[in-house]
Amino acid sequence: MWEELGISSGTAIIVLIALYFIIKWAVKNGVKEAYRDIRGKEEP
């Protein structure tokens, strides 16, 4: 599948790992921000 797009398997794995960490970071920050909004900005 990736070869049809001109992407080697190694590159595809690296891109997928990077996307995983970016999404994980974004979700974590979103949850923290929502928690702060609910709690009334008690945390620094």
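The model is predicted, with local features needing pLDDT of at least 70 and side-chain atom pairs pLDDT 80 or more, while totals for chains, interfaces and linings use all residues. Residues are numbered from 1 along each chain as its sequence is written, and side-chain values use heavy atoms, leaving out hydrogens and water.

Thr-11 lies in helix H1, and the protein chain has one helix and zero strands (DSSP runs, H or I of at least four residues for helices and E of at least two for strands, numbered from the N terminus). H1 has 31 residues and reaches 45 Å from its first C-alpha to its last, close to the 45 Å expected at 1.5 Å a residue. After H1 comes Gly-40, with a positive phi near 90°.

How much of the chain is buried? Buried residues make up 2% of the 44 residues (buried is under 20% relative accessible area, exposed over 50%, partly exposed in between, with a 1.4 Å probe and protein chains only). Thr-11 counts as partly exposed because its relative accessibility is 38%. Val-15, also placed in H1 (residues 9-39), is partly exposed at 44%.

Turning to the aromatic residues, a search of the whole structure finds one aromatic pair. The ring centres of Tyr-20 and Phe-21 are 5.1 Å apart and their planes stand at 75°, so the pair is edge-to-face (centres within 6.5 Å; planes under 30 degrees apart are stacked, over 60 edge-to-face, the rest tilted). Phe-21 is partly exposed, with a relative accessible area of 48%.

Notes
Phe/Tyr/Trp six-rings, centres within 6.5 Å; stacked < 30°, edge-to-face > 60°. Expected span 1.5 Å × (residues − 1).
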